[in-house]
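Please read this briefing alongside the sequence and the coordinates.

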Amino acid sequence: MSPKLNWLRLTIYSLSASLIGLSFIGGVIGYSPIPYWDMWGATLQFVQRFDDDPFRLLFSQHNEHRIVLSRLLFLVDYHVFDGASAFLVVCNYLFALAIWAVLARCLLALNAAEKHPDRWILVALLGAWLFLWAQKVNFTWAFQSQFFLAQLLPLLAFLSLGQAAVRSGTWNRWFLSAVLLGAMSSLTMANGVFALPLMAFGAVLLRMKPGPIIVLALCAAIVISLYFSDYHQPSAHGSVLQTLTSQPLSILLYTFTYLGNPGVYIAGSSDLVKGLSALVGLGLAVTASGLTALAVRRCPAHPVSFGLLLFIIFVGAGAFVTATGRLSFGLDSAFSSRYTTPVLMAWAALFCIASPRLMRFHTLGASRPYITFSAAITALCLLMVGQVRALTPMHQINHQKHVAALALEIGIGDDTLVSLVHPNTDHSLAIARAASHADLGIFGTLELQSARELLGQSAMLSTHRTCAGDLENFEIIDNEPGYVRIYGWQFASRRERQGPRFHIVDADSKIVGIAIPGRASPHLEEAYGQIAARSGFTGYLQSGAVGKELRIISGQCQSIDRLGD
């Protein structure tokens with residue numbers, strides 16, 4: 001083999017591995033144990049109430065979805081891993097790896113005839129694409145396992161159906177697996193309901209025997225009837241029927257924009273790029289439709305290709321249904337990061353289908369490998385521009401989320417910070433009150449546990465040595481006259497870890513405030529080095545203590561200052 005080609009191969013593998021690795025690093029940087037947005041009701045409150053009526057709560061709606069499988073993971077997270085969310089984030093990445101493995105297996109199967117070693121180059125490119133940071137919300141938000149499952153299970157169902165169509169025997173294991181996976185798809189998200197009906201349609205196109213088609217149709221009817229039993233339309237979403245009749249063109253535009261979603265993360269969010277994204281999405285829809293028509297005409301179709309085509313149609317149908325319910329939020333909502341996962345998978349499926357033609361082009365002619373490898377390296381470099389955003393520091397926002405959790409633990413309605421983790425302060429306060437009483441999840445950690453009860457209690461002072469520290473300033477909290485938000489810093493010259501929280505103590509040795517360490521302190525970093533980079537803290541102090549001499553007590557030392565001087 002040519003040394004130059006080997007260097008190009010190594011470059012492709014290195015860039016692909018870097019893109020995938022950056023995605024994992026971003027997950028570590030972005031991790032936070034604090035429940036975010038829907039998690040307050042759908043995980044924390046769900047776990048609190050689960051024992052009261054397990055079956056009803058497990059299958060109840062979350063917006064338009066029934067996230068049964070994800071709820072089982074939530075229970076594992078809280079009962080086995082103390083609700084720290086790390087398990088759920090790991091699940092997100094494991095599901096993404098499973099998707100890569102399934103699609104890689106499809107790609108290798110479609111190129112099995114030639115067995116050219118450069119097939120593995122295509123597998124590497126596939127992985128780089130599937131782990132784009134454009135879908136960062138689905139990677140880092142512990143709530144998003146259903147977004148991966150809602151694509152993985154239907155994908156497996158369609159591929160199983162394709163295999164069943166070419167196997168002898170009506171009731172072979174592939175068909176039974178397809179039915180089971182299709183039914184389970186409805187337990188992920190609302191779009192999973194369409195898996196079985198689409199499979200029945202696919203069975204007709206594959207010219208399967210009447211028995212399997214009837215079984216799939218009956219299973220689809222049963223699943224749909226069960227799913228929509230006691231179903232209610234979410235109030236925040238637009239009426240599907242009204243949107244269909246009044247804005248059909250806008251729905252199509254939204255659908256194609258959805259299918260071109262990754263464009264804004266790769267090329268920027270200008271109006272031109274948004275318009276081109278819609279055209280690209282239209283191209284995906286037209287291409288998939290054309291390939292499906294060709295596959296049906298040339299029946300029997302390749303089982304893997306047909307399964308992948310059904311999956312692309314499934315993603316397109318999901319985009320269309322999303323448009324009917326989310327069009328009221330505006331066209332830009334189609335560019336949401338969480339919608340990127342299914343679209344990346346649809347394009348990856350198309351890439352797998354096209355891979356035999358790509359391999360034939362690559363192998364015919366001595367100069368063509370240089371063309372294909374150069375194109376691949378250029379594409380990977382373009383993707384890397386956006387992928388490095390995974391390295392964006394998240395220390396400050398994660399610190400603010402912890403302080404928001406402290407406010408909820410104490411019972412302070414600090415809208416400014418609580419809005420970072422939940423849009424409704426009163427609702428999150430009610431959930432936090434019950435969770436705090438049970439020491440559930442984050443409210444059972446050393447950082448937050450019993451913080452409300454500690455206020456007003458006596459603190460031990462004799463065992464703490466003196467260190468540098470300062471109460472820098474405070475802010476009034478709207479509608480909370482009993483507390484102020486405080487900022488300060490404390491630094492011990494020894495290489496010692498700060499405790500999980502600081503106690504602010506008055507002259508009577510009473511705890512009058514609590515703070516969370518970890519706030520960025522650039523001036524301390526400049527003075528003492530990297531070790532002091534996050535020696536700041538943020539917390540809450542009883543209003544009556546402003547202007548009095550106070551002690552800041554950490555796990556290792558104490559400092560004395562007067563807030564308001």
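The overall picture comes first, followed by points grouped by topic.

This is a predicted model, in which local features need pLDDT of at least 70 and side-chain atom pairs count only at pLDDT 80 or more, while totals for chains, interfaces and linings use all residues. Residues are numbered from 1 along each chain as its sequence is written, and side-chain values use heavy atoms, with hydrogens and water left out. The chain holds 23 helices and eight strands, where helices (H or I, at least four residues) and strands (E, at least two) are DSSP runs numbered from the N terminus.

**The chain as a whole**

- Along the principal axes, the C-alpha atoms of the chain fill a box of roughly 85 × 65 × 45 Å.
- Of the 565 residues in the chain, 53% are buried, a term that means under 20% relative accessible area, with exposed meaning over 50% and partly exposed the range in between (1.4 Å probe, protein chains only).
- Among contacts (heavy atoms within 4.5 Å) between residues at least 6 apart in sequence, 73% join residues at least 24 apart.
- The accessible surface of the chain comes to about 25000 Å², and 63% of this belongs to carbon and sulfur atoms; the areas come from the Shrake-Rupley method with a 1.4 Å probe, and for residues only the protein chains shown count as cover.
- The mean positions of the 38 positive and 32 negative charges are 19 Å apart, with Lys and Arg counted as positive, Asp and Glu as negative, and His and the chain ends not counted; each charge is placed at NZ of Lys, CZ of Arg, CG of Asp or CD of Glu.

**Helix α9**

- Helix α9 spans residues 173–185, and its 13 residues reach 18 Å from the first C-alpha to the last, close to the 18 Å expected at 1.5 Å a residue; the expected span is 1.5 Å times one less than the number of residues.
- Phe175, Ala178, Val179, Leu181, Gly182 and Ser185 are buried in α9, and what covers the buried residues of this helix includes α8 (145–166), α10 (195–205) and α11 (210–227).
- At the start of α9, a side-chain oxygen of Asn172 reaches to within 3.0 Å of the backbone nitrogen of Trp174.

**Helix α21**

- Helix α21 covers residues 425–437, and its 13 residues reach 18 Å between the first and last C-alpha, close to the 18 Å expected.
- The buried residues of α21 are Thr425, Ser428, Leu429, Ile431, Ala432, Ala435 and Ser436, and they pack against α2 (39–49), α19 (395–410) and α20 (415–418).
- The N-terminal end of α21 is capped by Asn424, which has a side-chain oxygen 3.2 Å from the backbone nitrogen of Asp426, while Asp439, just after the helix, takes a positive phi of about 50°.

- Glu409 is found in helix α19 and counts as buried, at 0% relative accessibility.
- Leaving aside neighbours within four places in sequence, Glu409 is in contact with Ser436, Phe443, Leu448, Ser450, Ala451, Arg452 and Glu453.
- A polar contact of 2.7 Å joins the side chains of Glu409 and Ser436, such a contact being a pair of N or O atoms within 3.5 Å; within protein, one must be able to donate a hydrogen and the other to accept it, and residues adjacent in sequence count only if both atoms are side-chain atoms.
- The side chain of Glu409 also reaches the backbone nitrogen of Ala451, at 3.3 Å.

**Loop residues**

- Asp82 lies in the loop between α4 (68–80) and α5 (86–110), where this non-glycine residue has a positive phi near 60° and is exposed, with a relative accessible area of 58%.
- Arg207, in the loop between α10 and α11, likewise has a positive phi near 60° without being a glycine, and is exposed with a relative accessible area of 55%.
- Gly547 lies in the loop between β6 (536–542) and β7 (549–553) and counts as partly exposed, at 31% relative accessibility.
- Leaving aside neighbours within four places in sequence, Gly547 is in contact with Arg562 and Leu563.
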